[in-house]
Amino acid sequence: MHYNIPKLPAAVIALLCSLIPALTKAESKVENLYESASELMAGGDLAAAQQQFDKAFAIAGVKNDPVYPLLLNEQATLMTWRGERRKAINAKRAVIPMLKRFNDTELDVSVYSDLGLLYHRSNMTDSAIVFYEKADSACRVLNDPGWTASVTQSIGVMYYNLGRYADAKRYFERAAEHGMKANDDYSIVCSHQLLSAVNSELSAFLLRRQYRGRLADTRAQAAGQYAQLSELLSGAAETLEAQPTAAETLLTYRVGAALRPKEGENVSGDSVTHFET
């Protein structure tokens, strides 16, 4: 089957050809500004980095540039460094709808792990877990040991702070394993230090649980002994109530005395008559 493709006028072709260098130049300028801003951030000059971001965002058609989501993500990182946590979260979240369109798994890991960290620092644990899990899933797809070591270490720290030591240990072990694969000495040392800390906490936790178990047994035994003692005391009380005491026996009788002299005699001490009342 043949199609008749209309021939474009020479003027149109010339116009399209003239636009290609301009588009390429614009894309190159955005990328250059992005790289410049990243370098300035690494050097600690955040104000100059922001100026580069402002120039990049001012370029016409920047939103269609492949570098645009990287630009947004890096500026959100700059906001984090400036302590603007809420702005950083909003900026990072703004990148999420673009992730599928640009199909950059490393960017996925960066955005999700940063959001996990920002939510963790904001004490929004549920949101942190959601985005950390997304970052972990993206790491498995990316299969980069360096990224995996970094992300799993951050997740382990979060679980450690939550007191979920078994989960923390699992992630620290993964971080150590991938740090070895990446030949990252810093990651290896950190992971093993964190593993040592979590193992200490787990040991202390097991000792506390053992102590509480023994304490509960001791309390149960004491309660049983008090119950037996209570029964004995109750029985003794019932027995005493059934038998009158010596004091009660004495009070049963009263002694009365009256002076009754004999007929024709005066009253004297031996004339006292005793009788019970």
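Tutor: Quick ground rule before we start: helices here are DSSP runs of H or I with at least four residues, strands are runs of E with at least two, and both are numbered from the N terminus. On that basis, the chain of this predicted model has 11 helices and two strands. Reading from the N terminus, the order is α-α-α-α-α-α-α-α-α-α-α-β-β. Of the 277 residues in the chain, 29% are buried. As for contacts with a separation of 6 or more, 47% of them join residues 24 or more positions apart.

Now for the close look. Two packed helices are described by the angle between their axes and the distance between the axes. Take helix α2, residues 46–57, and helix α3, residues 68–81: they pack at an angle of about 150°, and their axes are 11 Å apart. Angles over 145 degrees count as roughly antiparallel, so α2 is roughly antiparallel to α3. The crossing of α2 past α3 is left-handed.

Who actually touches whom? On the α2 side you'll find Leu-46, Gln-50, Phe-53, Asp-54, Ala-56 and Phe-57, and these meet Tyr-68, Leu-71, Leu-72, Glu-74, Gln-75, Leu-78 and Trp-81 of α3. Sort the residues of that contact by class and you get nine nonpolar, two polar and two charged.

For something to set beside it, look at helix α6 (residues 105–121) and helix α8 (residues 145–161), whose axes come within 11 Å and cross at roughly 20°. With angles under 35 degrees counting as roughly parallel, α6 is therefore roughly parallel to α8. From α6, the contact draws on Glu-106, Val-109, Ser-110, Ser-113 and His-120, while α8 supplies Trp-147, Val-151, Val-157, Met-158 and Asn-161. By class, the α6 contact with α8 has five nonpolar, four polar and one charged residues.

One last stop, the cysteines. Buried means under 20% relative accessible area, so Cys-139, at 2%, counts as buried. Cys-190 is buried as well, with a relative accessible area of 14%. With a pair of cysteine sulfur atoms within 2.5 Å as the test, the count of disulfides is zero.

Terms used. Residues are numbered from 1 along each chain as its sequence is written. This is a predicted model: local features need pLDDT of at least 70, side-chain atom pairs count only at pLDDT 80 or more; totals for chains, interfaces and linings use all residues. Side-chain values use heavy atoms; hydrogens and water are left out. Axes are lines fitted to C-alpha atoms, for helices over the stretch in contact, and angles run from 0 to 180 degrees between N-to-C directions. Angles under 35 degrees count as roughly parallel, over 145 as roughly antiparallel, 65 to 115 as roughly perpendicular and the rest as oblique. A crossing is left-handed if the near helix is turned anticlockwise from the far one by less than a right angle, and right-handed if clockwise. Contact means heavy atoms within 4.5 Å. Ala, Val, Leu, Ile, Met, Phe, Trp, Tyr, Cys and Pro count as nonpolar, Asp, Glu, Lys and Arg as charged, and the others, Gly among them, as polar. Buried means under 20% relative accessible area, exposed over 50%, partly exposed in between (1.4 Å probe, protein chains only).
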